[in-house]
Amino acid sequence: MAEALAEARRAAAEGEVPIGAVVVADGRIVGRGRNARERLSDPTAHAEILALQETARALGRWRLAGATMYATLEPCPMCAGALVNARIDRLVYGVADPKAGAVDTLFDLVRDARLNHRLRVDSGVLATECGEILRQFFRERRKV
């Protein structure tokens, strides 16, 4: 999660909402992502999506069974759906998203028995740090 937080800090430095994600497989980081919607002018450039794309390229496959994603914020519906479609085994996230969380808060897409794949989920990892970077970013934005 510390590496996902480092990605979130990079996103903040670039003027993006500070959300970061990393994917671990075989005991090593194989994909990294940070929000890049503004920089790329792409509404799908969420940290989780970019980390999944990098992971798929690194591993040479789209089925990412055996991998774990660490994300600083609870994934939105788009990202939660991508985790299911990528067949990620486990999601670890820092802080809940009361406005768009699709894992525990508003929906439970990643464990829905109607879908073809389900993930193990661990939440609240470094929640204080993950929440604080977001609060600080938006405090600063409101001052401008």
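This is a predicted model: local features need pLDDT of at least 70, side-chain atom pairs count only at pLDDT 80 or more; totals for chains, interfaces and linings use all residues.

1. Start with helix α3 (residues 47-59) and helix α4 (residues 77-85): their axes come within 9 Å and cross at roughly 25°. Axes here are lines fitted to C-alpha atoms, for helices over the stretch in contact, with angles running from 0 to 180 degrees between N-to-C directions. That crossing makes α3 roughly parallel to α4 (angles under 35 degrees count as such). Helices (H or I, at least four residues) and strands (E, at least two) are DSSP runs, numbered from the N terminus.

2. Who touches whom? On the α3 side, E48, I49 and L52 meet M78, C79, A82 and L83 of α4, where contact means heavy atoms within 4.5 Å.

3. Residues are numbered from 1 along each chain as its sequence is written, and side-chain values use heavy atoms, with hydrogens and water left out.

4. Now the sheet: it's open, with 5 strands in the order β2-β1-β3-β4-β5 and mixed pairing. At the edges sit β2 (28-34) and β5 (120-123), each pairing on one side only; two strands pair if DSSP finds at least two bridges between them.

5. Have a look at β1 (residues 20-25) too: β1 and β2 run antiparallel, joined by 6 bridges. One to find is A25, whose bridge partner in β2 is R28.

6. Finally, α3 lies across β1, β2 and β3 (68-73), and runs at about 145° to β2.

Note on methods:
Angles under 35 degrees count as roughly parallel, over 145 as roughly antiparallel, 65 to 115 as roughly perpendicular and the rest as oblique.
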